[in-house]
Amino acid sequence: MREDLFSMERAVALGKISLRFAGINPAVGAVVVRNGAIAGEGYHRGPGTAHAEVAAISAALGGVEKIPPRSLAGATLYSTLEPCCHAGGGKRTPPCTEAIIASGIGRVVIGCLDPNPLVCGKGVERLREAGIQVDVGLLATEAAELIKAFAVSVRERRPFIRLKWAQSLDGRIACRGGASRWITNEEARRRSRELRLEHDAVLIGAGTLRTDDPRLTVRDASAGAEGREPLRVVLAGREPLSPTARLFSAPFRAGTLVLAAEGSPAIESCKREGIPAREVEADGAGLPEPAAAFRSLYAEGIGSVLVEGGATVETLLLRKGLWDAVTVFVAPLLIGAGIEAVGELGVRDPSLGVKLEGARFEPGCGYLRVDAERDPAGAAAEERSCLRA
C-alpha cells in the first residue's frame, strides 16, 4: 500500500536523525497517520527522553504530555522498531505499548523487531492482545540498519565499532617518512567527517595524536548542523602525551577523553595538565586493554565509536576481533613503499583472512568509498589466523 510505504519511509528518515542522539539506546523514528495524513511524528533523542512512538503520539495531539483515552481512535502508527513493553533503565520511560493502547490507535506498522530479549516479540504480542492490528516487516532492512549499533551493544555490552581510514590504491596511509596530507581529496575528507556525526565517539591512538595533531571535529560536514560533536578519545600508550596537542587546547579539551592503562605515565601527565583521563585495565604489555577501554566508554553511554587510527590501533582491533564495520576511502594514487593501512594479521592462507560481508562500493569524485561489515561466519577463522601470529 502506497500510504504505508510513504509513511514508513518518513519514519526511517526520522530514525536517521535519531542516530545522532540515541547513544546506547536504539535509533527510532515514528509517524502517526490519521485520516490519510501525517498527524504527528517523532524520533528518539537519547536515554531518558520520550521514545519515538510516544513523541509522535504527543505531536499528533498538539504536544500534550498526558494522552487522553481513545484520542487517536482509528489512527495508524508507523515505527521503525517494535514498541517496548517494559520500563526503560531506572524506569525513566514507561512502556510505549501502554501509551499506544491508551491512545486508541487501531493499527501499528513495525519495521523490525527489537533485538533486546526483554522486548523481542513481546511488544507485538502485547499490542495484539489489546486488539490492535500489528504488521511487521515493512522496510525491514532499512529499519534494521538504524539499530545495528544497538543490536551489538545488547549482545556484547560494548559500543558498535567502525574502523575507518583513507588509503592510496596500493594500500598506503602515508609515505615512508609519515607524510599523509593529503592522500584523498577534500570531497572524500568531507564525507569522512560526515561519518563522525553518526557516531558517539571518535577514537585515535597516541601515535596519530603525535603525527597528525588532529582536531576530530565535524566542521563543515554537510550531513546537517543538528547534533552534538562526538566525544574525542585518545587511546594512550606508555609515553606521556604532549599538552600542546590541539585536542587538549581550550576549545576541545572538554570534549576529549584520554584512556590509558592503570598507573601509566600518560595518566600522570594528563593529571598534571588537567586533561580529562581515565584509567582502564592494562594488558600484558602495560598498554590499555582495548576491550576494557570500550566497556568503559559503553558504561558512559557511548553506543558507537568511529576508530580513525592509525594503523597500529586499527590492526590491534582487527587482530582482537573488536570491530563491526569498516569504511575505507581509496584514492587513485600510488605511493609505493610507505606505511601500510593494516599491519600484520598473521594470515598464512587467504582462506583464513579477515572476512567481510555486504561490501558496498560507492564511487565519488576522485575517490572510491568502500563499506563492509564483519562476517560473523568468518569470525572464528579470523581468530584462529590472528592466534598463529
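Axes are taken as lines fitted to C-alpha atoms, for helices over the stretch in contact, and angles between N-to-C directions run from 0 to 180 degrees. Contact denotes heavy atoms within 4.5 Å. The structure is a predicted model, in which local features require pLDDT of at least 70 and side-chain atom pairs count only at pLDDT 80 or more, while totals for chains, interfaces and linings use all residues. Residues are numbered from 1 along each chain as its sequence is written, and side-chain values use heavy atoms, with hydrogens and water left out.

Helices (H or I, at least four residues) and strands (E, at least two) are DSSP runs numbered from the N terminus, and two strands are said to pair if DSSP finds at least two bridges between them. An open sheet of nine strands shows mixed pairing and the order β11-β10-β9-β8-β12-β6-β13-β16-β15. Its edge strands, β11 (277-280) and β15, each pair on one side only. On average, neighbouring strands of this sheet are turned by 20° against each other, direction ignored. Within the sheet, β6 and β12 pair in the parallel sense over four bridges, and Phe-160 stands opposite Ser-304 in β12.

Helix α12 lies across β6, β8 and β12 and runs at about 130° to β6. Burial is assigned by relative accessible area (buried under 20%, exposed over 50%, partly exposed in between; 1.4 Å probe, protein chains only). In α12 (residues 311-320), the buried residues are Ala-311, Val-313, Glu-314, Thr-315, Leu-317 and Leu-318. Gly-321 follows α12 and has a positive phi, near 70°. The loop between α12 and β13 (325-331) contains Trp-323, which counts as buried because its relative accessibility is 0%. The C-alpha atoms of Trp-323 and Ala-206 are 19 Å apart in space, the two residues being 117 apart in sequence.

Helix α11 (residues 290-299) has seven of its 10 residues buried, so the helix is largely enclosed by the rest of the structure. The buried positions of α11 are Pro-290, Ala-292, Ala-293, Phe-294, Ser-296, Leu-297 and Tyr-298. Just after α11, Gly-301 adopts a positive phi of about 90°.

A nonpolar core is a set of buried Ala, Val, Leu, Ile, Met, Phe, Trp, Tyr and Cys residues joined through side-chain atoms within 4.5 Å. The largest such core has 30 residues, of which Leu-163, Phe-294 and Val-307 touch the most other members. At least two residues of this core come from each of β6 (160-168), β8 (201-205), β9 (231-235), β10 (256-261), α11, β12 (304-307), α12 and β13. When residues up to four places away in sequence are not counted, Phe-294 touches Pro-159, Ile-161, Leu-203, Val-305, Val-307, Leu-317 and Leu-322. Another core, of 27 residues, lies apart from it and includes Leu-72, Leu-81, Ile-100 and Leu-146.

Strand β4 (residues 107-112) is mostly covered, with six of its six residues buried. Parallel pairing over five bridges links β4 to strand β3 (residues 76-81), where Thr-76 stands opposite Arg-107 in β4. Strand β5 (residues 133-136) runs parallel to β4 and is joined to it by four bridges. The bridge partner of Ile-110 in β5 is Val-136. The chain passes from β4 through helix α4 (residues 122-129) to β5 in a right-handed β-α-β crossover, a term used if, with the strands pointing away from the viewer, the path from the first strand over the helix to the second runs clockwise.

A salt bridge is a side-chain nitrogen of Lys or Arg within 4 Å of a carboxyl oxygen of Asp or Glu, and by this rule the count comes to 23. One of them joins the side chains of Glu-362 and Arg-191 (2.8 Å, N to O). Glu-362 lies in strand β15 (residues 356-364) and Arg-191 in helix α7 (residues 186-197), so the pair ties together parts that are 171 residues apart in sequence. Glu-362 is partly exposed at 32% relative accessibility, whereas Arg-191 is buried at 15%. A further salt bridge is formed by Arg-348 and Glu-344, with the closest N and O atoms 3.3 Å apart. Arg-348 is exposed, with a relative accessible area of 54%, and Glu-344 is partly exposed, at 49%. Salt bridges that share partners join Glu-187, Arg-190, Arg-191, Glu-194 and Glu-362 into one network.
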